[in-house]
Amino acid sequence: MQPLDIIRKYYKPDTALYDTLVCHSTAVRDKALTLAARHPELHIDTAFVAEAAMLHDIGIFETNAPNIFCRGTHAYIEHGYLGAELLRREQLPRHALVCERHTGTGLTIEQIVKRQLPVPLRDMRPVSIEEQLICYADKFFSKSHLDVEIPPATVRAKLAKFGKDSVRQFDAWQHLFD
């Protein structure tokens, strides 16, 4: 499976949205693979990480986020489960879980209810080591400043807005992967 073949089914090459998605996803993939190489003891499936990292944000085109060229109708927070639905239709259920579970440090049912998020009411926290690694790597790259890796302190500050559990999870991943 070639991730760019899947991406090209939903995104027109040589557009700002395509370039944004591919640039961001490539940065996430490269960081995840670099971290995986440092930890052979974790037995990370790097072939899967390379594919899933490229596809983790495939659902963004369905959202309304004009600052990153998305002209869809859904709230941006929905891009994870929307991408998961798309990848399930593509017969990629394991990749779909990465899409669904990478938002923030993952979403609990309690967070979904408390914040009244427009997403399905189910636990959407990363489970597998590969899901966790991609979720962690994703925190270091935005889609609005594609050429910049975000420092850990800035990531923590952004996550603090969502509560101490998000920061604790990020810190646990930093301890595991860095």
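Q: Buried or exposed: which is aspartate 14, at 73% relative accessibility?
A: Buried means under 20% relative accessible area, exposed over 50%, and partly exposed in between, using a 1.4 Å probe and protein chains only. The relative accessibility of aspartate 14 is 73%. Aspartate 14 therefore counts as exposed.

Q: What kind of model is this, and what pLDDT do local features need?
A: Residues are numbered from 1 along each chain as its sequence is written, and side-chain values use heavy atoms, with hydrogens and water left out. The model is predicted: totals for chains, interfaces and linings use all residues, side-chain atom pairs count only at pLDDT 80 or more, and local features need pLDDT of at least 70.

Q: What is the phi of aspartate 14?
A: Aspartate 14 is in the loop between helix 1 and helix 2; helices (H or I, at least four residues) and strands (E, at least two) are DSSP runs numbered from the N terminus. Most residues other than glycine have a negative phi. Aspartate 14 is not a glycine, yet its phi is positive, about 65 degrees.

Q: Which phi value does histidine 43 take?
A: Histidine 43 lies in the loop between helix 2 and helix 3. This residue counts as exposed because its relative accessibility is 67%. Histidine 43 is a residue other than glycine with a positive phi, near 55 degrees.

Q: How many residues of helix 7 are buried?
A: Helix 7 covers residues 129-138. Its buried residues include Glu130, Leu133, Tyr136 and Asp138. They pack against helix 2, helix 3, helix 5 (93-101) and helix 9. Helix 7 is mostly covered, and the buried count out of its ten residues is nine.

Q: Which residues does glutamate 131 touch, beyond those up to four places away in sequence?
A: Glutamate 131 is in helix 7 and counts as buried because its relative accessibility is 6%. Contact means heavy atoms within 4.5 Å. Leaving out residues up to four places away in sequence, glutamate 131 touches Leu97, Val98, Arg101, Arg125 and Pro126.

Q: Which residues does glutamate 100 touch, not counting those up to four places away in sequence?
A: Glutamate 100 belongs to helix 5. It is buried, because its relative accessible area is 5%. With residues up to four places away in sequence set aside, glutamate 100 touches Gly80, Tyr81, Ala84, Arg88, Arg122 and Met124.

Q: How are helix 3 and helix 7 set to each other?
A: Axes are lines fitted to C-alpha atoms, for helices over the stretch in contact, and angles run from 0 to 180 degrees between N-to-C directions. The axes of helix 3 and helix 7 come within 10 Å and cross at roughly 45 degrees. Angles under 35 degrees count as roughly parallel, over 145 as roughly antiparallel, 65 to 115 as roughly perpendicular and the rest as oblique. Helix 3 and helix 7 are therefore oblique.

Q: Which residues of helix 7 meet helix 3?
A: From helix 3, the residues at this contact are Phe48, Val49, Ala52 and Ala53. On the helix 7 side they meet Glu130, Leu133 and Ile134.

Q: How are helix 7 and helix 9 set to each other?
A: Ile129, Gln132, Leu133, Cys135 and Tyr136 in helix 7 meet Phe170, Trp173, Gln174, Leu176 and Phe177 in helix 9. The two axes come within 10 Å and cross at roughly 105 degrees. Helix 7 and helix 9 are therefore roughly perpendicular.

Q: How many aromatic pairs are there?
A: Rings of Phe, Tyr and Trp (its six-membered ring) pair if their centres lie within 6.5 Å; planes under 30 degrees apart count as stacked, over 60 as edge-to-face and the rest as tilted. By this rule the count of aromatic pairs is six.

Q: What is the geometry of the pair of tyrosine 11 and phenylalanine 61?
A: The ring centres of tyrosine 11 and phenylalanine 61 are 5.2 Å apart, with 80 degrees between the planes, which is edge-to-face. The pair links parts of the chain 50 residues apart. Tyrosine 11 is buried, because its relative accessible area is 2%, while phenylalanine 61, at 25%, is partly exposed. The geometry is edge-to-face.

Q: Over which ring does the charged end of lysine 31 sit?
A: A charge sits over a ring if NZ of Lys or CZ of Arg is within 6 Å of the ring centre and within 35 degrees of the ring normal. The charged end of lysine 31 is 4.4 Å from the centre of the ring in question, that of phenylalanine 140.
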